[in-house]
Amino acid sequence: MKGNGNTVISVRDLVVGFGETLVLDHLSLDVRAGEIMGVVGGSGAGKSVLLRTIIGLLPKRHGTIEVLGVDFDEADDAKRRALERRWGVLFQQGALFSSLTVLQNVQFPMRENLKLSQRLMDEMALAKLEMVGLTAADAEKFPAELSGGMTKRAALARALALDPEIVFLDEPTSGLDPISAGDFDALIKTLQRTLGLTVFMVTHDLESLYTVCDRVAALADGRIVAVGPMSTMLECTHPWVQTYFQGKRGGMLTKRVSPIETEAP
Amino acid sequence: MASDGSLLTTRFEDGRLELAGSGSWTAAHAAELESLVDRVSPDAKRAKNVSIDMGGVREFDTFGAWLLERLTRQWTALGGKAKIVGLPEHDRHLLEEMSAVNREAAPARPRTGAIISALASVGRGVTGVGRDLLTFANMFGAIGVAAVRVMSRPKDFRFTSAVHQLDRVCWQAVPIILLITFLIGGIIAQQGIFHFRKFGAELYAVDLVGILILREIGVLIVAIMVAGRSGSSYTAELGSMMMREEIDALRTMGFDPVEVLILPRVLVLLIAMPVLTFIGCMAALFGGGLVALLYGGMSPEIFISRLEEAISLTHFKVGMVKAPFMGLVIGVVACAEGLLVKGSAESLGLQTTASVVKSIFLVIVLDGLFAIFFASIGM
């Protein structure tokens with residue numbers, strides 16, 4: 001079940017729009033098992049819309065989405081719920097339940113989905129919190145008492161509560177300082193390796209794209225204009241992708257990408 | 001689904017405990033697995049050597065890894081030795097990860113007895129009342145200061161905002177106020193006629209309706225409606241502005257939130273309350289008259305001439321004088337509660353509830369104080 005190159009998320013011909021505007025226009029994308037897929041795109045290009053459509057929060061106009069071999073449209077309620085249990089979602093603002101403590105937040109999916117003893121739930125929730133770098137002292141805090149980085153970590157622990165096979169991350173490093181963002185990237189990489197996760201990550205952070213993503217998909221004009229490892233991105237001729245990766249900030253990274261298969265383009 | 005026996009099998013031979021795991025050691029089977037693991041623990045005390053063969057385990061996640069870790073940790077604590085064999089490479093990484101967690105005991109939650117916590121909540125309630133009064137006095141003072149400041153430079157008054165609020169609080173409230181007071185007037189008239197009829201004193205029902213509505217009920221009903229309708233929305237608005245740091249943003253830009261947000265809102269209530277009270281009283285009298293006609297068979301001429309004898313301008317004034325004060329109380333409470341909202345959605349709900357409950361309570365207390373005052377000056 002780990003890293004064997006099977007497709008776990010398959011999006012075909014997806015159209016999503018609001019009123020007159022078409023946000024995603026016949027978009028297709030595959031995510032393979034065990035990889036970290038980064039999705040980039042300008043502000044308002046529809047990255048978050050794509051993520052929210054895949055997890056079923058937004059309606060689509062056309063196309064099919066298959067996650068772990070299940071088509072959301074054809075699945076009945078029980079099947080959907082079973083599927084939703086197999087993925088975890090980290091929302092941009094964390095979306096921790098503000099009336100519950102951090103520990104209770106992490107235990108929430110366990111309590112609702114599994115019949116576990118309180119002792120095991122406490123131990124597992126603390127284990128998850130420690131895995132994402134929080135301490136037992138943080139567990140009793142309420143979300144309002146956490147800093148931005150801690151909120152993201154706690155939300156990640158909740159997303160991982162049921163040992164999902166896929167984790168969706170919506171801008172996991174936005175709003176974090178470069179050091180915390182770097183730590184968070186490392187954390188995602190470690191977790192992906194130990195837990196054998198597939199990660200679908202929407203991000204703006206060039207640094208994360210460079211350090212953690214196995215493959216990157218660039219979203220522009222409502223479709224995926226390029227997909228592949230970073231070296232593909234740098235060779236891509238699409239104007240937006242070029243500006244993004246070769247621009248002032250992106251350019252700093254090009255030097256660091258291991259010598260691009262030294263053939264002349 | 002793996003059955004009971006297939007997750008963990010036990011064999012005990014001359015001081016050697018051999019366990020064999022199989023099936024899915026995952027979250028879905030964690031409950032079952034935990035009871036199995038707990039069941040073998042006593043055996044382990046007698047065993048010198050324990051070996052766990054994980055070769056048959058098909059799926060392994062953090063739940064399974066933690067339970068395995070917990071088992072080995074227990075034995076290690078008892079001085080035994082546990083050997084794990086047959087675990088694939090990547091699952092071994094996971095187990096190593098789990099062996100690092102839960103090393104420190106979770107801080108014990110402070111527990112107190114039922115009596116102590118009941119006493120504590122009473123104490124907290126009492127100090128809370130005192131703190132509330134201080135908060136309201138503080139808000140009242142802040143509004144007063146802001147009002148004086150705005151008077152010295154009237155151009156700074158948020159006129160647009162005030163007009164917008166007036167539309168919401170006063171104009172849009174008219175239909176519901178009309179309806180409620182109309183019904184209340186009708187009900188009072190019906191009850192009056194029904195009971196006075198026994199003494200043949202049906203005409204006095206008109207006195208009852210007139211005096212009660214103009215002096216007390218009209219203004220009270222309107223105040224309660226306004227507290228529930230506008231007070232709650234003030235608290236929720238200001239509260240969500242607090243949550244999204246909008247009020248802090250105003251402050252850092254050099255604006256006084258009391259002057260910008262609160263003063264127009266409270267001033268509008270001062271205007272809206274008398275207006276709505278007047279409209280409400282008229283609707284209630286109309287309702288009373290209608291019921292007197294339909295239920296008591298009293299012609300409108302008789303009703304009006306009786307009303308003229310029964311009520312005087314004093315009754316009307318007593319009712320109307322109270323209205324702006326009640327508006328002030330509702331505004332102060334609603335805004336003060338709004339600024340107490342903390343980061344969570346729950347606190348917004350709590351504060352909005354508190355705002356409505358406290359302002360209705362204070363409105364009724366105020367009405368009582370006014371009743372004493374008017375009685376002693378003979379109005």
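**Words and their cut-offs**

Modeller: Start with Q74(B), which sits in helix α3 of chain B. Helices are DSSP runs of H or I with at least four residues, strands are runs of E with at least two, and both are numbered from the N terminus. This is a predicted model, in which local features need pLDDT of at least 70, side-chain atom pairs count only at pLDDT 80 or more, and totals for chains, interfaces and linings use all residues. Residues are numbered from 1 along each chain as its sequence is written, while chains are lettered from A and ligands numbered from 1 in the order in which they are written.

Biologist: Why does Q74(B) count as partly exposed?

Modeller: A residue is buried if 20 or more other C-beta atoms lie within 10 Å of its own, exposed if 12 or fewer, and partly exposed in between, with C-beta atoms placed from the backbone. Q74(B) has 17 C-beta neighbours inside 10 Å, so it counts as partly exposed. The C-alpha atoms of Q74(B) and S41(B) are separated by 7.9 Å, although the two are 33 residues apart along the chain.

Biologist: What makes D163(A) buried?

Modeller: D163(A) has 25 other C-beta atoms within 10 Å, so it is buried. Its place is the loop between α6 (148-159) and β7 (166-170) of chain A.

Biologist: Is L68(A) buried, exposed or partly exposed?

Modeller: L68(A) has 17 other C-beta atoms within 10 Å, so it is partly exposed. It is found in the loop between β4 and β5 of chain A.

Biologist: What is the phi of each of these two residues?

Modeller: Most residues other than glycine have a negative phi. L68(A) has a positive phi near 50° and is not glycine. D163(A) is not a glycine either, and its phi is positive at about 55°.

Biologist: How many residues of chain A are there, and what share is buried?

Modeller: Chain A has 265 residues, and 42% of them are buried. It holds 11 helices and 10 strands.

Biologist: What is the pairing in the four-stranded sheet of chain B?

Modeller: That open sheet runs β1-β2-β3-β4 (chain B), and the pairing is mixed. β1 (8-13) and β4 (81-85) of chain B are its edge strands. β3 (residues 49-60) of chain B and β4(B) pair in the parallel sense over five bridges. There, I52(B) stands opposite I84(B) in β4(B).

Biologist: Why are α5(B) and α12(B) called roughly perpendicular?

Modeller: Axes are lines fitted to C-alpha atoms, for helices over the stretch in contact, and angles run from 0 to 180 degrees between N-to-C directions. Angles under 35 degrees count as roughly parallel, over 145 as roughly antiparallel, 65 to 115 as roughly perpendicular and the rest as oblique. Helices α5 (residues 114-152) and α12 (residues 313-339) of chain B pack at about 105°, with axes 9 Å apart. Therefore α5(B) and α12(B) are roughly perpendicular to each other.

Biologist: Which kinds of residue make the contact of α5(B) with α12(B)?

Modeller: Ala, Val, Leu, Ile, Met, Phe, Trp, Tyr, Cys and Pro count as nonpolar, Asp, Glu, Lys and Arg as charged, and the others, Gly among them, as polar. The contact has eight nonpolar residues, one polar and no charged.

Biologist: How many residues of chain B are in contact with chain A?

Modeller: Two residues are in contact if their C-beta atoms, placed from the backbone, lie within 7 Å. By that rule, 24 residues of chain B are in contact with 25 residues of chain A. α4(B) gives the most to this side of chain B, with five residues.

Biologist: What confidence does the predictor give?

Modeller: pLDDT is the predictor's confidence in each residue, from 0 to 100. Chain B has a mean pLDDT of 87, and 94% of its residues reach 70 or more. The complex gets an ipTM of 0.72 and a pTM of 0.68.

How values were computed: Pairing = 2+ DSSP bridges.
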